[in-house]
Amino acid sequence: MNTLNKLGWSDFFETSLTPDEKQSMTIGRISTVNKTNYIVIHENGIKACELAGNLMFGLDENEKPKTGDWVLFVDYGDLGIISKVLPRYNCLSRQKSGKEIAEQIIAANIDYAVIVQCLEIGLNLRRLERTLVQLQNCNIDPIVLINKTDLLISDEQQKTMSFMIDAYQAIPISAYHGNNMKLLKDQILTGKSYVFIGASGVGKSSIINSLQEGNDIKTGEISQATMKGAHTTTSRELYILKRGGVVIDTPGTREFGLTASSSEPESSAFHGIGDLAKNCKFHNCTHTNEIGCKILMAVKTGGISEDEYESFMRLNREMEHYESSLQDRKQKGKKLSKIIKNMKKSGYKNSSTP
Ligand SMILES: Nc1nc2c(ncn2[C@@H]2O[C@H](COP(=O)(O)OP(=O)(O)OP(=O)(O)O)[C@@H](O)[C@H]2O)c(=O)[nH]1
Ligand SMILES: [Mg+2]
Ligand SMILES: [Zn+2]
């Protein structure tokens, strides 16, 4: 396997290049983005790059290179100038926190997302489900980890942990003591890309460090007073593991807002609730008061707990909200361009153009 393949290069990207581009430019993958500076890994090392002017001003925020993106750059020695961002195979995105409806891209060209939760901060099934739904929307396979299993476990946590292992094939590990790290290592393949996600302090950087077998990522010491890590990761960063595999460390994310475009959360994240919904009497059933609603029926007979039902409905509402806001914006955009067209037709000239 050549170096580019080890970095995650594949035919998908190869076919997007012209022979001319291949000759005159260097291929690289974005490791870190720092405002207008990009650290790019390529076949012969690492290069600090900036965007060519036309990209800087011509691309939307989400089209600009993100960690994991493949780019072409021209090498000027100390600095590289990025002249093209290759089409993405997929990307991990989330709805930005806050009220604004906007998609934030976390990383591009990802094979697996490693979802990390830990016993110390607490296992959270609802959060896990939300993340799984979003991963399905992004077309990314999940690997679920439960870290810090060296700590004392309450009966309640033990129950939740067993459920997670059963239902989601979660791997219980300890980055400290190395428990089950071999199971995780076996899942990390050369040439595949893995983004680590989860709340701050769950141990994402520690796990990556122990995969790397050489300590070079800063990890936090939890302050007893605040329960927050002191060396908390502040930017996304892509590393190539010596043993093979590309990993991306990310700063902790509490919320994983959905940007789903499907109207029902997928069934596998919800253990059959989604499947039940398909059999409701009305295909546009809102599962709130309809006769013949299979979900309401299951809640009544105890097949689905109130908790699960609430969570399912919350996810639905969230996705609907995202969808309709997006529609709104598209409509507004259309109206605006129509107005501009009409103005142009009627001979209006922008006063700033000479
Ligand atoms: N007991 C125990 N502590 C761990 C384990 N793994 C990590 N820690 C500790 O948990 C704290 C947070 O670890 P980090 O690796 O910095 O967590 P993170 O997920 O990268 O956090 P952010 O960068 O803030 O998102 C540190 O104090 C680690 O030493 C583990 O397996 N067991
Ligand atoms: Mg970290
Ligand atoms: Zn229904």
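Reader: How are the donor residues of the zinc ion (ligand 3) spaced in sequence?

Author: In this model, which is predicted, the donor residues of the zinc ion (ligand 3) follow the spacing C-x4-C-x1-H-x5-C along the sequence. The atoms that coordinate this ion are SG of C280, SG of C285, ND1 of H287 and SG of C293, at 2.1 to 2.4 Å.

Reader: Which arrangement do the 4 donor atoms around the zinc ion (ligand 3) have, and why?

Author: The angles between donors are the quantity to read, and four donors count as tetrahedral if all angles lie between 85 and 135 degrees. Around the zinc ion (ligand 3) the 4 donor atoms subtend angles of 102 to 116°, and the arrangement is therefore tetrahedral.

Reader: What are the protein donors of the magnesium ion (ligand 2)?

Author: The protein donors of the magnesium ion (ligand 2) are OG of S205 and OG1 of T233, which lie 1.9 to 2.1 Å from the ion. S205 belongs to helix α8 (residues 204-212), whereas T233 sits in the loop between α8 and β12, so the pair ties together parts that are 28 residues apart in sequence. S205 is buried, with a relative accessible area of 7%.

Reader: Turning to the chain as a whole, how many helices and strands does it have?

Author: The chain has 11 helices and 13 strands, and buried residues make up 43% of its 354 residues. Among contacts with a separation of 6 or more, residues 24 or more positions apart account for 65%.

Reader: In what order do the strands of the open sheet lie?

Author: Strands of a sheet pair through backbone hydrogen bonds, in either the parallel or the antiparallel sense. Here 6 strands form an open sheet in the order β10-β9-β8-β11-β13-β12, with mixed pairing. Its edge strands, each pairing on one side only, are β10 (171-172) and β12 (237-240). Within the sheet, β8 and β11 pair in the parallel sense over 4 bridges, and V114 has F196 in β11 as its bridge partner.

Reader: In which sense do β6 and β7 pair, parallel or antiparallel?

Author: Strand β6 (residues 91-95) pairs with β7 in the antiparallel sense, over 5 bridges.

Reader: Which residues of the largest nonpolar core touch the most other members?

Author: That core has 35 residues, of which W9, W70, L92, M164 and V195 touch the most other members. The elements that give two or more residues to it include β4 (70-75), β7, α6 (155-168) and β11 (193-197), while α5 gives the most, with 4 residues. Domain 1 (3-85) and domain 2 (91-249) both give residues to this core, so it lies between them. Apart from it lies another core, of 21 residues, among them I173, M181, Y194 and V247.

Reader: What does W70 touch, leaving out residues up to four places away in sequence?

Author: On that count, the contacts of W70 include L4, L7, W9, F13, I27, R29, K84, L86 and N109.

Reader: Where is S31, and is it buried or exposed?

Author: S31 lies in strand β1 (residues 26-34) and is buried, with a relative accessible area of 4%. Leaving out residues up to four places away in sequence, S31 touches I39, I41, T67, R236, E237 and L238. S31 and I248 are 217 residues apart in sequence, yet their C-alpha atoms are 8.2 Å apart in space.

Terms used. Residues are numbered from 1 along each chain as its sequence is written. Chains are lettered from A and ligands numbered from 1 in the order in which they are written. This is a predicted model: local features need pLDDT of at least 70, side-chain atom pairs count only at pLDDT 80 or more; totals for chains, interfaces and linings use all residues. Side-chain values use heavy atoms; hydrogens and water are left out. Donors are N, O and S atoms within 2.8 Å of the metal (3.2 Å for Na, K and Ca); water is not among the atoms, so sites may look incomplete. Four donors count as tetrahedral if all angles lie between 85 and 135 degrees; four count as square planar and six as octahedral if opposite donors are over 155 degrees apart and all others between 65 and 115; anything else is irregular. Two strands pair if DSSP finds at least two bridges between them. A nonpolar core is a set of buried Ala, Val, Leu, Ile, Met, Phe, Trp, Tyr and Cys residues joined through side-chain atoms within 4.5 Å. Buried means under 20% relative accessible area, exposed over 50%, partly exposed in between (1.4 Å probe, protein chains only). Domain bounds come from an automatic or database domain assignment. Contact means heavy atoms within 4.5 Å.
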